[in-house]
Amino acid sequence: MIRCTGGWPASHRSALATLWPLPMGVSLQVNPPSFSLSPIGLTLWNQAVWTNLGRSADQCGRSWRWEQVQSAEVRDSAVHLNGEEILRFPLRQSAAAFAELIESARVAPKAEREQLVIRFLDASLDLVAISERIDAAIYEANALRWLGALQLALMFLVAPVVLSNLGGSKVLSALALTILIPVLFSVSLFVRNHRRTFPEERWARVETAFIMCVSWPMASRAATILNRHRLQGFHPVAIALALKDAKNSREFVARTLRDLAHPLREEELSADALEITDWYLEWYRRRLPVLAAQHGFRELSPTAAVPRSSDDEFYCPRCLAAYTRRITECADCPGVELQTLQSHQSEGA
Ligand SMILES: [Zn+2]
């Protein structure tokens with residue numbers, strides 16, 4: 001089996017969950033990128049698509065040089081390359097932006113490709129845009145969450161009490177109409193905010209609004225549904241930097257930078273995949289520490305590994321596990337060589 005992490009090992013995926021919930025209980029989904037881009041071409045990581053036989057096909061490590069791309073188009077929020085589905089996005093506008101980049105890079109002269117790719121990657125680190133979206137998410141969720149709470153209280157507290165004491169079809173109709181009021185307010189508020197944030201996602205908006213009208217418990221979750229994809233396309237480290245007060249974002253940024261500096265060995269990848277991923281990771285390796293420093297994350301030199309006993313002399317620079325004797329590489333991080341604790345301490349001083 002090919003291990004293909006593209007710089008996002010499982011430990012970091014779980015750490016992403018610690019970045020939220022945000023204040024006011026607002027949840028935002030944070031997704032690590034599932035591809036690497038470079039002036040040479042495109043490689044997919046941990047990406048599975050559904051084949052027409054209904055099974056998922058592992059796309060991990062599949063690469064295309066720009067010269068090999070004949071067409072890129074969007075169908076139902078999935079990007080099709082040379083007529084074959086390769087990537088599915090939660091938003092149509094994200095898929096469209098990605099397909100547009102591929103189309104531009106495909107036809108651009110070689111010298112311009114690097115600028116195109118860098119512009120696309122830079123957009124994923126736009127902290128001003130991320131902060132605006134987080135503020136909007138918290139603000140817009142507020143009224144929706146109150147409406148949702150009111151609706152649930154009517155459905156599960158008021159309605160059973162009234163029905164058991166009074167009963168009758170007239171009472172039932174009156175209750176249903178009462179519950180319908182917060183439902184309709186939620187749906188209209190959802191549609192208005194969704195249109196403002198995702199103007200191109202018209203069908204997703206219509207479909208969700210319809211389901212909310214039919215299935216009322218869905219309407220009580222309008223805030224979560226509205227915010228779910230708000231940070232789609234932004235880099236998780238940039239999101240962590242924008243969430244200055246989030247408890248674990250500092251630790252998350254530090255771990256990601258350590259992982260970038262000491263990547264796991266990728267096995268059985270093609271020469272193209274390695275070349276593309278190396279360029280991509282090197283770009284983030286240079287860019288992310290600068291961005292982190294600009295936003296107050298100054299103590300990003302390796303955090304001290306904690307020796308478990310006085311016999312520990314070595315440590316893994318990626319996961320910070322301490323070792324008593326030097327083995328070729330860390331047991332948990334294939335490809336990462338151990339370093340001595342002394343050299344580490346003097347480095348940190
Ligand atoms: Zn390790």
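This is a predicted model: local features need pLDDT of at least 70, side-chain atom pairs count only at pLDDT 80 or more; totals for chains, interfaces and linings use all residues.
Residues are numbered from 1 along each chain as its sequence is written.

Strand E2 (residues 41–44) pairs with E5 in the antiparallel sense over three bridges, pairing being assigned if DSSP finds at least two bridges between two strands. Within this pair, Gly 41 has Arg 65 of E5 as its bridge partner.

In total, the protein has 12 helices and 11 strands, these being DSSP runs numbered from the N terminus (helices, H or I, at least four residues; strands, E, at least two). Of its 349 residues, 30% count as buried, a residue being buried if 20 or more other C-beta atoms lie within 10 Å of its own, exposed if 12 or fewer, and partly exposed in between, with C-beta atoms placed from the backbone. Among contacts between residues at least 6 apart in sequence, 63% join residues at least 24 apart, a contact requiring C-beta atoms, placed from the backbone, to lie within 7 Å.

Helix H5 (residues 169–197) comprises 29 residues and reaches 42 Å from its first C-alpha to its last, close to the 42 Å expected at 1.5 Å a residue, the expected span being 1.5 Å times one less than the number of residues. Buried positions in H5 include Ile 179, Pro 182, Val 183 and Phe 190, and the elements covering the buried residues of H5 include helices H4 (127–165), H6 (202–214), H7 (216–219) and H8 (222–227). H4 and H5 pack at an angle of about 170°, with their axes 10 Å apart, and are therefore roughly antiparallel to each other, a term applied to angles over 145 degrees.

Pro 236 is placed in helix H9 (residues 236–242); this residue is buried, because 23 other C-beta atoms lie within 10 Å. Pro 236 and Val 253, which are 17 residues apart in sequence, are 8.8 Å apart in space, C-alpha to C-alpha.

How values were computed. Two residues are in contact if their C-beta atoms, placed from the backbone, lie within 7 Å. Axes are lines fitted to C-alpha atoms, for helices over the stretch in contact, and angles run from 0 to 180 degrees between N-to-C directions. Angles under 35 degrees count as roughly parallel, over 145 as roughly antiparallel, 65 to 115 as roughly perpendicular and the rest as oblique.
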